[in-house]
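This briefing is meant for a reader who is meeting the structure for the first time. Please keep the sequence and the model at hand while reading the points that follow.

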Amino acid sequence: MVYNCIYSFAKIQNYSQSAMLSRYFLYLCSMYLKKISLLNFKNIAQEELSLCSGVNCLVGDNGAGKTNVIDAVYYLSMCKSSLQMTDSQSVRHGADFFLAEGHYLSDAGKSECVVCSYSRKGGKILKRNGKEYERLSDHVGLLPAVIVSPADSVLISDAADERRRYLNAFISQLERSYLTALMRYNAVLAERNRLLKMQPDETMLAIYDMQLVEHGKTIHACRQRFVERLQPLVAEYYRILSEDREQVTLSYKSELNERPFEELLLAARQKDLINEFTTSGVHRDDLVLRIGDYPLRKYGSQGQQKSFLIALKLAQYAIVAEEKGEKPILLLDDLFDKLDASRVEQLIRLVTGKTFGQIMITDCNPTRLRSILDKAGGNYTLFRVEGGQIITEYATNDPEVTPISEVVVPDNLDH
């Protein structure tokens with residue numbers, strides 16, 4: 001089988017009685033956002049930004065609108081906000097609509113124009129190169145983006161449903177069959193729960209059980225496979241960020257790991273009848289996050305927890321790049337929050353290498369950000385954001401993207 005993008009684990013070699021994992025990335029394509037135009041988007045009345053293919057920095061005070069630009073880029077990729085906001089909440093106060101337009105260019109010379117608009121009367125419309133999508137879901141995955149933001153903290157602090165939601169969104173971008181199985185499973189689950197609240201018919205329960213098992217097994221297999229791919233990447237990225245200070249693990253918790261789904265449903269039948277809802281299934285799955293041998297939520301500091309979340313998103317980035325054959329846009333919102341200087345420098349050194357593609361970073365302190373970027377080297381553009389207005393403050397030369405395949409080893413892994 002031929003992949004457009006390949007990463008593999010090289011053999012493990014011992015250095016000073018420790019194993020050093022080397023990873024090679026081969027990316028054949030990189031698509032970057034060349035220009036974005038915004039109209040009535042949140043606090044931004046009308047702005048147009050020309051972005052470089054490398055690092056793009058948005059600096060300004062809290063509430064200035066930095067995150068709004070990041071969210072607009074996410075909108076163009078995912079057809080929705082990265083925050084818990086409705087489309088109408090993204091319309092500027094006093095306006096009736098918003099519009100976000102992005103012009104993309106690949107290193108192979110391919111261009112894309114995506115326009116996402118929403119009006120309070122007409123709803124949301126998404127167009128690719130002038131043609132309107134019939135289904136928004138058909139666009140998801142075309143222009144991959146991975147975001148790291150303060151909102152990710154719910155993956156650690158909140159209940160299991162947030163971690164399942166993360167897994168669902170991640171896998172659904174890459175496997176249509178997963179999304180189909182998930183939608184059908186949820187529909188059957190709702191009908192089964194409705195039936196349990198009435199005088200249950202054993203024949204109907206058996207039919208629902210059969211359907212739950214069919215879709216549930218597909219969901220479980222996909223989740224298991226993707227978490228197995230995430231685990232070593234998360235561990236390695238965290239090792240780089242922490243400079244070997246701690247070790248972390250990520251594992252997939254599911255009842256289906258231990259027993260067949262059919263047996264679980266049968267064993268829980270009486271419990272389900274008493275509780276009047278389905279007590280077993282993949283809708284109760286979870287991700288287990290640990291630092292050392294201890295739960296990350298209880299024993300991890302704020303910096304350790306954020307480092308874990310960044311490692312998780314970088315691992316997601318690697319898998320999306322492999323599956324899609326191109327480097328996603330990496331969105332780093334409020335990067336410095338809860339991270340010490342050494343971890344920030346390690347992260348910047350890592351993501352500004354050629355392994356990663358276009359990056360957007362927000363921060364309140366331009367002096368700090370420029371100092372770290374100058375130390376890391378490479379090209380970047382700096383925008384100042386004030387009250388929804390955006391000014392290009394600094395830009396290094398942005399060389400043309402070379403349309404060739406590159407095998408890259410991150411600096412920390414090159415031995």
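The structure, which is a predicted model, holds zero disulfides.

**Cysteines**

- A disulfide would need two cysteine sulfur atoms within 2.5 Å, and the sulfur of C52 is too far for a bond, because the closest cysteine sulfur, in C57, is 8.0 Å away.
- C52 is buried, with a relative accessible area of 4%.
- C113 is buried as well, and its relative accessible area is 19%, which can be set against the limit of under 20% for a buried residue.

**The mixed sheet**

- Six strands form an open sheet with mixed pairing, and their order is β12-β16-β17-β7-β18-β19.
- The edges of this sheet are β12 (145-148) and β19 (389-395), each of which has a single partner strand, so one side of each is left without a neighbour in the sheet.
- From one strand to the next, the twist of this sheet averages 20 degrees.
- Strand β18 (residues 380-386) and β19 run antiparallel and are joined by six bridges, and the bridge partner of E386 in β19 is Q389.

**The antiparallel sheet**

- Another open sheet is formed by six strands in the order β6-β5-β8-β9-β10-β11, and here the pairing is antiparallel.
- At the edges of this sheet stand β6 (44-50) and β11 (131-132), and because each has a single partner strand, one side of each is left without a neighbour in the sheet.
- Six bridges connect strand β5 (residues 31-41) with β6, and the two run antiparallel; within this pairing, K35 stands opposite S50 in β6.

**Strands β13 and β14**

- Strand β13 (residues 248-253) is joined by six bridges to strand β14 (residues 286-291), and the two strands run antiparallel.
- T249 stands opposite R290 in β14.
- In a regular strand the side chains alternate between the two faces of the sheet.
- In β13, the covered face consists of V248, L250 and Y252, whereas T249, S251 and K253 make up the uncovered one.

**Helices α5 and α9**

- Two packed helices are described by the angle between their axes and the distance between the axes.
- Helix α5 (residues 202-242) packs with helix α9 (residues 302-324) at an angle of about 130 degrees, and their axes are 8 Å apart.
- Angles over 145 degrees count as roughly antiparallel and those from 65 to 115 as roughly perpendicular, and α5 and α9 are therefore oblique to each other.
- The crossing of α5 and α9 is right-handed, and the contact between these helices has, by class, 15 nonpolar, three polar and three charged residues.

**Positive phi in two loops**

- N129, a residue other than glycine, has a positive phi near 50 degrees, and N129 is found in the loop between β10 (123-128) and β11.
- With a relative accessible area of 45%, N129 is partly exposed.
- E243 is not a glycine either, although its phi is positive, at about 55 degrees, and E243 lies in the loop between α5 and β13.
- The relative accessibility of E243 is 41%, and E243 therefore counts as partly exposed.

Conventions
Residues numbered from 1 in each chain as written. Predicted model: local features only at pLDDT ≥ 70, side-chain atom pairs only at ≥ 80, totals over all residues. Heavy atoms only, no water. Axes fitted to C-alpha atoms, helices over the stretch in contact; angles between N-to-C directions. Helix = DSSP H or I, 4+ residues; strand = E, 2+ residues; numbered from the N terminus. Parallel < 35°, antiparallel > 145°, perpendicular 65-115°, else oblique. Left-handed = near helix turned anticlockwise from the far one by under 90°. Nonpolar A, V, L, I, M, F, W, Y, C, P; charged D, E, K, R; others polar. Buried < 20%, exposed > 50% of the residue type's maximum accessible area, 1.4 Å probe, protein only. Pairing = 2+ DSSP bridges.
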